[in-house]
Amino acid sequence: MPKRRANGEGTIRKRKDGRWEGRYTAGHDPETGKAISKNVLGHSQAEVLEKLKDAIALSAKTSISKYSDYTVGQWAQTWYDEYAKPNVRESTALYYKNYIDNHIVPNIGDIKLKKLSTMDIQRFYNKMRKSG
């Protein structure tokens with residue numbers, strides 16, 4: 001009989017393509033209350049188990065509900081420092097940092113995350129398209 005995993009530890013399964021998949025709940029949508037499910041993939045069960053532990057720990061540490069008072073600029077900087085910079089090449093990280101500092105922060109950086117609307121993003125997108 002397979003070993004059972006405790007609540008909050010996620011699930012691990014072998015996919016038809018031969019890779020292993022670990023799924024976990026990253027939180028709940030504040031508007032609908034539905035669970036937000038995410039996954040990690042790997043070539044071995046041990047690799048997925050390690051990735052799953054890291055992802056669950058990171059998800060618990062950086063819940064978006066904790067950061068609802070952040071502005072878009074603050075969140076973009078946090079995203080860059082915690083998610084992007086450690087996981088991409090140096091040249092890509094510099095590109096991201098440049099885009100955040102020169103485009104996102106000056107245009108929509110002062111808007112609170114909980115107040116950010118699709119209209120704000122669309123205006124930002126249209127402005128970026130016009131400027132090239």
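**Strands and helices in a predicted model**

In this predicted model, R23 stands opposite N39 in strand 3.

Colleague: How many bridges join strand 2 to strand 3, and do they run parallel or antiparallel?
Modeller: Strand 3 covers residues 35-42. Its N39 lies opposite R23. Eight bridges join strand 2 to strand 3, and the two run antiparallel.

Colleague: Which residue in strand 2 is the bridge partner of R13?
Modeller: Strand 1 spans residues 11-14, and strand 2 spans residues 20-28. Four bridges join these antiparallel strands. For R13, the partner in strand 2 is E21.

Colleague: Which residue in the turn of the hairpin has a positive phi?
Modeller: Strand 1 and strand 2 form the hairpin, with five residues between them. In that turn, a positive phi of about 95 degrees belongs to G18.

Colleague: How do the residues of the contact of helix 2 with helix 3 divide?
Modeller: Helix 2 contributes residues including W79 and Y80. Helix 3 contributes residues including K97 and D101. The contact divides into two charged, two polar and twelve nonpolar residues.

Colleague: Against which helix do the buried residues of helix 2 pack?
Modeller: Buried here means under 20% relative accessible area. In helix 2, V72, G73, W75, A76, T78, Y80 and A84 are buried. These buried residues pack against helix 3.

Key: Residues are numbered from 1 along each chain as its sequence is written. This is a predicted model: local features need pLDDT of at least 70, side-chain atom pairs count only at pLDDT 80 or more; totals for chains, interfaces and linings use all residues. Side-chain values use heavy atoms; hydrogens and water are left out. Contact means heavy atoms within 4.5 Å. Ala, Val, Leu, Ile, Met, Phe, Trp, Tyr, Cys and Pro count as nonpolar, Asp, Glu, Lys and Arg as charged, and the others, Gly among them, as polar. Two strands pair if DSSP finds at least two bridges between them. Buried means under 20% relative accessible area, exposed over 50%, partly exposed in between (1.4 Å probe, protein chains only).
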